[in-house]
Amino acid sequence: MTVHFPFQNTYAELPANFFARVAPTPVSSPRLIKLNRPLALHLGLDPDRLASPEGTEILAGKQLPPGADPIAMAYAGHQFGHFVPQLGDGRAILLGEVIDADGVRRDIQLKGSGPTPFSRRGDGRAALGPVLREYIVSEAMAALGIPTTRSLAAVMTGESVLRETELPGAILTRVASSHVRVGTFQYFAARGDTDGVRKLADHVIARHYPQVATAERPYHALLEGVIARQAELVARWLLVGFIHGVMNTDNTSISGETIDYGPCAFMDHYDPATVFSSIDELGRYAYANQPRIALWNLTRLAECLLPLFSDQQDKAIEEAQSALAEFAEVFNAAYQSGLRNKLGLATARDGDQALAQDLLDTMAKNQADFTLTFRRLSDAALGPDHDGSVRDLFADPSAYDEWVVRWRQRTADEPLSPDGRRNAMLSTNPLFIPRNHRVEAVLESAVSHDDFAPFERLLTVLSKPYEDQPAFAEYAQPPQPHQRVLQTFCGT
Ligand code: AMP
Ligand code: MG
């Protein structure tokens, strides 16, 4: 029973220095842990066949499906601010591209499928824990409506990987609208290969920004497009309390999708300085720093594109600066309108920004849970009788009482009815996010006890983040003090 992948590969047709042709390394005894059936269907793949022994071998890199043209992509990147001229897919292999049911081209990539010419000192493998974490969080982000790479499958390899200890090995099948990163542009720019930069830009325009092809200055418009998508993406992250954790330029997607779920985490109580990643010692990628870092990463992209803007360096730099100046505008518009939605404000008024900021400041001072505050505030839209559950989230509930008076004054001259406002707020303020303590517990059950039931349960809950799911009420709860996760690890 052969598994048909309707491949239509384009990246593999770019010049040979864009990638290395390399096949996955076969593994001993693959075992399918999870298949994302709805996503498979959306990609034009037969889920039953993918779940068959042959399909599992493909998802484990033991067999290549017909039409695959496996490559490891070349890229560079700034890691924590330090430039590394050659990174590349050290443990990922792009099998090929398919066109999904919406007509969007999607990469199908195996992550953890063995060494490539870009592996440096790494083993090319992934451990089960990080694979399940990426599966959970990427699918949660998709359900929240945030642009992200997706997870099609997780398989165990039957082999172990050596990290600090020996761990079960696994492979994730990642689906992305492409794997081109800021670091991909940096790879060619760092080599002075302007022709490579241009070819990559043309590929990206055709694939992600077709509307700019006919613009007066297409490369300038490309930069503006990437800036706008990144600005909107980071605003979306802030609005759900997401902390990426490793916003290196090689983890910044040109398509505007969230990519590379290493030490990422959602914050529980609101604190803009929150950092979870064990390797982010200086807090470079702290929650509130993310917009600044995105702009920094985009500035690196702009530098790569300078030679395409103009032969005159001054003119090129001026053009880049004018595009980069748009970041703040797009970010602020997206973030402020998102906050207004979270507060149930259908119209925009002077003072809204201060109203939202004062709530956030009050939450920070009172260790109020970010997700639950906004979710329960949705109920408070019905009136002061419904304030109890949200005010209890504040260490000093009277701080909430002071703030909520202003919110009620402001909403009084809004067009929505209290019921309408509550419904609008419930559809934008999730109840269920992948809380760290839940994710860690799921990984522990899987890795130490070979028990995947908690993983399945968590995926079910997170697939409907905006719905009350009374049977799963405990999943909405913040951690007890002893359950709190203070650090997350990449596990690479
Ligand atoms: P990441 O921190 O996952 O974004 O990875 C940064 C770089 O390290 C990329 O070039 C990866 O391909 C590479 N890398 C991470 N883990 C491994 C591994 N186990 N084996 C080989 N390369 C790796
Ligand atoms: Mg990466």
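**Which side chain counts as partly exposed at 23% relative accessibility?** Phenylalanine 80 does. The legends below show a predicted model, in which local features need pLDDT of at least 70, side-chain atom pairs count only at pLDDT 80 or more, and totals for chains, interfaces and linings use all residues. Residues are numbered from 1 along each chain as its sequence is written, chains are lettered from A and ligands numbered from 1 in the order in which they are written, and side-chain values use heavy atoms, with hydrogens and water left out.

**View 1. Positive phi at Phe80 and Arg120.** Phenylalanine 80 is not a glycine, yet its phi is positive, about 50°. It is found in the loop between strand S4 (77–79) and strand S5 (82–84). Helices (H or I, at least four residues) and strands (E, at least two) are DSSP runs, numbered from the N terminus. Arginine 120, also not a glycine, has a positive phi near 50°. Its place is the loop between S7 and strand S8 (126–127). Arginine 120 is exposed, with a relative accessible area of 55%. Buried means under 20% relative accessible area, exposed over 50%, and partly exposed in between (1.4 Å probe, protein chains only). Most residues other than glycine have a negative phi.

**View 2. The magnesium ion (ligand 2).** Asn251 (OD1) and Asp260 (OD) coordinate the ion at 1.9 to 2.2 Å. Donors are N, O and S atoms within 2.8 Å of the metal (3.2 Å for Na, K and Ca); water is not among the atoms, so the site may look incomplete. Asparagine 251 is buried, at 9% relative accessible area. Aspartate 260 is buried too, at 16%.

**View 3. The largest nonpolar core.** It holds 126 residues, of which Tyr11, Phe185, Leu343 and Trp407 touch the most other members. Helix H7 (residues 218–240) gives the largest share, 14 residues. Domain 1 (11–179) and domain 2 (183–336) each supply at least three; these bounds come from an automatic or database domain assignment. A nonpolar core is a set of buried Ala, Val, Leu, Ile, Met, Phe, Trp, Tyr and Cys residues joined through side-chain atoms within 4.5 Å.

**View 4. Contacts of Leu343.** Its partners include Leu355, Phe374, Trp403, Trp407 and Met425, not counting residues up to four places away in sequence. Contact means heavy atoms within 4.5 Å.

**View 5. Helix H17 (residues 453–462).** Pro454, Phe455, Leu458, Leu459, Val461 and Leu462 are buried.

**View 6. Salt bridge between Arg207 and Asp107.** Their side chains meet at 2.6 Å, N to O. Arginine 207 lies in helix H6 (residues 194–208) and aspartate 107 in strand S7 (residues 105–111), so the pair ties together parts that are 100 residues apart in sequence. Both are buried. A salt bridge is a side-chain nitrogen of Lys or Arg within 4 Å of a carboxyl oxygen of Asp or Glu. The whole structure has 33.

**View 7. Salt bridges of Glu134.** Lysine 111 meets glutamate 134 at 2.7 Å, N to O. Strand S7 holds lysine 111 and helix H4 holds glutamate 134, 23 residues apart. Glutamate 134 also meets arginine 174, at 3.6 Å, N to O. Arginine 174 is in strand S10 (residues 166–176), 40 residues from glutamate 134. Lysine 111 and glutamate 134 are buried, and so is arginine 174.
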